[in-house]
Structure formats: C-alpha cells, structure tokens
Amino acid sequence: MATGHDDHHHGPAKGLTRWLYTTNHKDIGTLYLWFSFAMFLLGGTFALVIRAELFQPGLQFVDPNLFNQMTTMHGLVMVFGAVMPAFVGLANWMVPMMIGAPDMALPRMNNWSFWILPFAFAMMSSTLFMDGGGPNFGWTFYAPLSTTFAPKSVTFFIFAVHMMGASSIMGSINIIATIQNLRAPGMTYMKMPLFVWTWLITAYLLIAVMPVLAGVVTMMLFDIHFGTSFFSAAGGGDPVLFQHVFWFFGHPEVYIMILPAFGVVSEIIPTFSRKRLFGYDSMVYATSSIAFLSFIVWAHHMFTTGMPLAGELFFMYSTMLIAVPTGVKVFNWITTMFKGSLSFETPMLFAIAFVVLFTCGGFTGLMLAIAPADFQYQDTYFVVAHFHYVLVPGAVFSIMAAAYYWLPKWTGNMYDENLGKLHFWLSFIGINILFFPQHFLGLAGMPRRVPDYALQFANFNMVSSIGAFFFGFSQLLLLFIVIKTIKGGKKATAQVWEGAEGLEWTLPSPAPYHTFSTPPPIK
Amino acid sequence: MSENGQQRKSFSDNAKLVAKLVLAVVAMFGFGFALVPIYDVFCKVTGLNGKTGGRVVYEAAAADVDLSRTVTLQFVTMNNINMNWVFHPEQNQIEVHPGELNEVKFYAKNPSSVRMVAQAVPSVAPSGSASFLHKTECFCFTQQVLEAGQEIEMPVRFFVDKALPKDVHKMTLSYTLFDVTENFVGTPKLSAN
C-alpha cells in the first residue's frame, strides 16, 4: 500500500508544527492527555496550597482572599482542565480504533477544539496576577458573589468559560459524528464497546448542557457590564435563579465526568477477569437512564434555598432513583469478576479501587440526597469528602487505569509493572488518608471553603493534609513511569493483555499513525 | 470505487448530523435564557418565592369583608448591603380582616450628603400565602428618589384575599431596600469592592 511519492500520508510530520497543524486523532489524543496531565499538576498545586494552609488552625501561608482563589481555581482547573480533557483525549485515541474508523469524522475541527483549551486556561490562570486577584467565588460562582461582589478579572473568567464550552461542544459534536457515521460495517450499536457507548451518551449530555453554562455566564456578563438584572433582586431578578440555571448544567456535568469512567472500567474488568462483561445490555440501559435522570435532579444542590416541601420530596426521590441504575452497574462489574481468572495488573488494581471507592462516594451521595439530613451536611467538609470520593478515586483513578491499560498500545512498550503497582498503592493509600477524615470533619460541622477553623478540627485536618502531600507527590511517579515507557521497555504484543478483546487489540503495538483505512471485518 | 463511494456518503452524512447537532446547541443556549421567564412564571403560578404580584384594583362592592376572621400582619424592613437609609415601618404589626382595605406607612430617610435612588423588594412569608396579599398601592412599585437628608413617609395599601387558607393566621411582609443610584443615572454598574 505504501507508495513512495505519497509518504506524508503515512507518518507524522516533523518538528513542532506537527502538533500545531495535526489532524490525526492519535496526535490530538496525545495532546489532550498531556494537557490534562499538566492541568492535573497545576490544579493539584492549588490543592496543596489549600491543604498547607489547613494543616494547622490559624492563618499561616495565604490570606483569605488568596485562599478563596485557590479553592475556586482548583475546582475549575480540575473539572474543566484535567478530567474533561483527559476523557476527550482517551476518546480521540480509542474511539476510532474501537469502532474500526480511520480517524475522527471532523479532523480539522478536532485540531481546533484542542488548541482553544491552552488559550482558555492561560487566560483564566492569568487572572491570578491581575489587580484584585482571580476568581474567588468558588467553582460554582454563585451570583451575586460572582457579579456584584466579584473581582474585576471576572470578565476574563467568563470568556475563559465560553472558550472551554466551545471546545467541549466541538469535541462532542466530533465524537457523535464519528460514532454514528464512521463505524465499520457490521459494528451495530449493540456491538460497540462500552467505552464508546458511554462516550456517545456523554457527548449528548455535553451538547445539552454546555450551552446552558455558556448562557449563565453570558447573563453574568450582562449583569456586570450592561445593567441587566438577571440575578439582582434590586432590579427584579433573583439570585436563586442563578443556582437553578447553573445546576441545570452542573448536575449533568458530574455525570459527564463519570460516565466515560464507567466505560473505561467496563473495558478493563472483563480483560483481567478473562470473561465477557456481565450484562452488556443492562450496562447500556443503565448508562442511558443515569443520563436521563441527571436532568431532573439538579435542585438537590439547593435543598436549603427555601424550596417548598413538594420540591424537596421530588428532588430527593429522583436523586435516590439514580442509585438504581448505578447499582446495576456495580453489580455487573462485580459479577464479571465473580469466578473469573483474575490477575491484578496495575489497570485492574485501579479499576477495582474505582469500583470500591466510587461506591463509597455513591453512598455518601445517598446520605446527602436525604433532604432533611442535607440541612445538616450542606456546605460542610462532608460534601467535600463526597464529591472528592466520586471524582478522584472515581474519575481520576479510571483515567489512570485507562492510561496504564492502553499505554502499551500507544507507545509499543510495556510500562514497568512494579513501578505501576507502587504508584497504585501510593495513590490508593494517599487518597484515603486525604479524603476519609474529611467525612468526620464534615459530620462534626466544619464548613467548607474556610482558610481557618476551630481547634477541635485540628487533628483530622493535619491527617488530611499529610495525605494530600503524600498523594500529590506520588503523581510525579506516574509522570516518570509514562516517560520511561515512551523511552523504551519490554516490547508489547498486539494483544498486550491475555484477556483483551476488541478491535484496538488487533492492531500492532504501537498503533500505526494511520489505522483502519479499510474497515476491518466485524465478527 | 466502493471506498470512494463510502467516503462521499459519510461526508454528506456528517454535514447533516453536524447541522442537527449545531441546531441542538443553539436551541439549548436559547433554553438557558428561556429558563428565566419559565422560572418567573413557575414562581408566579405556584406562589413560591414569596413574591407578591403587581398593583391590584380594590373593588369595594365585590369585596365584602370577612369580619369573622382576623389575620396578624407583621412588617419587617431590611437594608441591603451598603445601603445607609433609615427605613422602618410606622407600626410593626396590625390585625386585619380578610377583604378589608388597610394602609400602613413606612418611614425612610436618606442620611447621606448625596441624592440617592432606592428600590424596595417585597417578600411574604409563609411563601404559600404571598399570592393572597394584594397591594393596591406600594412604594415598591416604583424607585424612590431622596435628596440628601430628605425624609419621606411611604404608604402601602393592601387587602388580604378571603380565599386565604384557613390555617394561615399570621403573615410577614418584608421589604429589602436596595441602593440603585448607579443604575438609575445610567452608568454601568461597577463591582462593589
């Protein structure tokens, strides 16, 4: 097939412009993954500033305004800079290879949707150096804190959110077009790997809610600069409206961050159990039900805003209903492992930790869903512990599992299994030291987003901070392992893992620059 | 041959699908803004939020007073942050009969050395009874302009609907006074710090 005069079709271009101009899904996937890792370290640095300040009661290192900027930027960077781009990067790399497509459906737009991101985050981070400081109103940026009382840099924050939204929307349009139009002949919807399925649903969620986020920040922009009163009671608006519009975006957003994780885990567990995934169909239906329910539960974030009893009950029960499809998924993962010939390579360790710890986070979510109890828990460290349990050992662990799982396919080399396991155990222990005590702090009444606290919270905060530094610095090991794997290592076979099934494992390792130019046969 | 055919087909398929998805994005952006009136209508219909309605005409003939029932009405005033006016009701609470037209006066004074504009925003608790409190006259319907040092007595005329649920014996009408001077003169609102 390779013809001499046509070789620019067969390998990457040379030099830096390769990365600027690339339309290759593997290159763009790599860019997304490196970008998200950089943001993970940046957001992690902000988190360590927070934990350093909270190591002891009293004000040690930062003034309260900088502390608030750190909590805000940590949330924004981790959600929009680390977790979401990491999943888009995985989708870029894996979706075409899993469905037998030559590339993404819209390769030029793919390039654009990635290259917007570094500019968006450069702009958002630059606000930290501006007069009055960066965003200090929490990642949920409730009005009027983010409008009337915001630092002047809020306009840059708004435009940064617009840019991230545009990037996500373009990315999801691309993923939907790829999955719906570029599947190899014979790859019916119910034959698609679950990672592809969960991403298809996630992409639709993104299409539905990112424009609403763009809308809410646009309303803020108008309130701040053009004299409208969407969220100002003095002019006939309502600050509670902000919370409704924000959480209409915000709740599906949390599923955007976890559904692809479900997909990753549903790929890894069957491979290392050497069994087919138990209940494939029910997994698809459960994912769809979770996506649907995510649109009708948003006000459970607002139980204390003075909702009437009927509203509290509706949002309480609909929220609890989500535990049913989620329970189906956890049951299926465990049943897949049941009586399988398990082996515990690093991806499997992360996947099992995901199942266990995500379930813990799910249970605290159920506790928070109980409206009368929520009045006690809301805005305490219990909430912080809850969403960090679903996001860190949930979303982030699944991304790490995915990285170890597909790294041999990407680089052609096996990673160092011993170092991988060391990284897992350091992360697993670190994360629990970091976040488990925060449950107790929250139940004892410590409020979130405070730079200082009462003396009775000192011990658990110290433990939590030690865990934070332990976990944070362990991640440098991941960086080392990835670089070491790129540089060399034991050559990987095409199938890589003994139990692996799927189209991506029929390709040689490392995957050639262009794959499936002719559609593969589907069994 | 077949590869070319497939390629072309998928290109037009892509164009159609992308057009639909872009339309969905635009529609959802619009939906975000549509949530604003939807929210207002929802609050009005259900009476949530404690928001009272606009001006109502009192028809004395139609409104025979229910003397058998007495409802206590309490008045609360609050200044929004950075608002320095003296602002309080002349009576803290009154007893009214449903259907009867009442008047309460509120006192306001601008103690500052500049002309200021204020907007009062009412709220009723319990919020379920908000739609049963009808105002025929209220200083909250318009913005109030006070010169430096000026004081004013502002009336509120209202009646309680006879359809007020039987279990409501006490209602609280609260006013929050906002400083809207900057908005009033038409300059862009700046952040308060």
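Predicted model: local features only at pLDDT ≥ 70, side-chain atom pairs only at ≥ 80, totals over all residues.
**Where the chains meet**

Let's start with the contact between the two chains. On one side 32 residues of chain B take part, and they are in contact with 42 residues of chain A. The size of an interface is often given as the accessible area lost when the parts come together. Here chain B and chain A bury about 3000 Å² between them, and 70% of that area lies on carbon and sulfur atoms. Polar contacts do turn up: the count between chain B and chain A is three residue pairs, both residues being at pLDDT 80 or more. Which parts of chain B face chain A? Helix 1 (2-46) and strand 5 (116-125) of chain B each supply at least two residues of the side that touches chain A. Helix 1 of chain B gives the largest share of that side, with 19 residues.

**Two sheets in chain B**

Next come the sheets. One open sheet of chain B has five strands in the order 3-1-9-5-7, and its pairing is mixed. Strand 3 (93-96) and strand 7 (144-146) of chain B stand at its edges with a single partner strand each, so each has one side without a neighbour in the sheet. From one strand to the next, the twist averages 30°. Within this sheet, strand 1 (residues 71-79) and strand 9 (residues 170-179) of chain B run parallel and are joined by eight bridges. Asn79(B) stands opposite Leu177(B), a residue of strand 9 of chain B.

Strand 6 of chain B runs antiparallel to strand 8 (residues 151-160) of chain B, and four bridges join them. Glu137(B) stands opposite Arg157(B) in strand 8 of chain B.

**Backbone details in chain A**

| Site | Feature | Value |
|---|---|---|
| Ala143(A) to Pro144(A) | cis peptide bond | omega near 5° |
| Ser509(A) and Pro510(A) | cis peptide bond | omega about -5° |
| Phe141(A) | positive phi, not a glycine | phi about 30° |
| Arg449(A) | positive phi, not a glycine | phi about 60° |

Pro144(A) sits in the loop between helix 4 (107-126) and helix 5 (154-181) of chain A. Phe141(A) is also in the loop between helix 4 and helix 5 of chain A, and Phe141(A) is buried, with a relative accessible area of 1%. Pro510(A) lies in the segment after helix 16 (458-487) of chain A. Arg449(A) is in the loop between helix 15 (417-443) and helix 16 of chain A. Is Arg449(A) buried or partly exposed? Arg449(A) is partly exposed, its relative accessible area being 30%.

**A buried asparagine**

Last, Asn332(A) is in helix 11 (residues 323-337) of chain A. Asn332(A) is buried, at 2% relative accessible area. Leaving out residues up to four places away in sequence, Asn332(A) touches Phe278(A), Gly279(A), Ser282(A) and Met283(A).

Terms used. Residues numbered from 1 in each chain as written. Chains lettered and ligands numbered in written order. Heavy atoms only, no water. Pairing = 2+ DSSP bridges. Axes fitted to C-alpha atoms, helices over the stretch in contact; angles between N-to-C directions. Buried < 20%, exposed > 50% of the residue type's maximum accessible area, 1.4 Å probe, protein only. Contact = heavy atoms within 4.5 Å. Buried area = accessible area lost by both parts, 1.4 Å probe. Polar contact = N/O pair within 3.5 Å; in protein donor to acceptor, adjacent residues only side chain to side chain.
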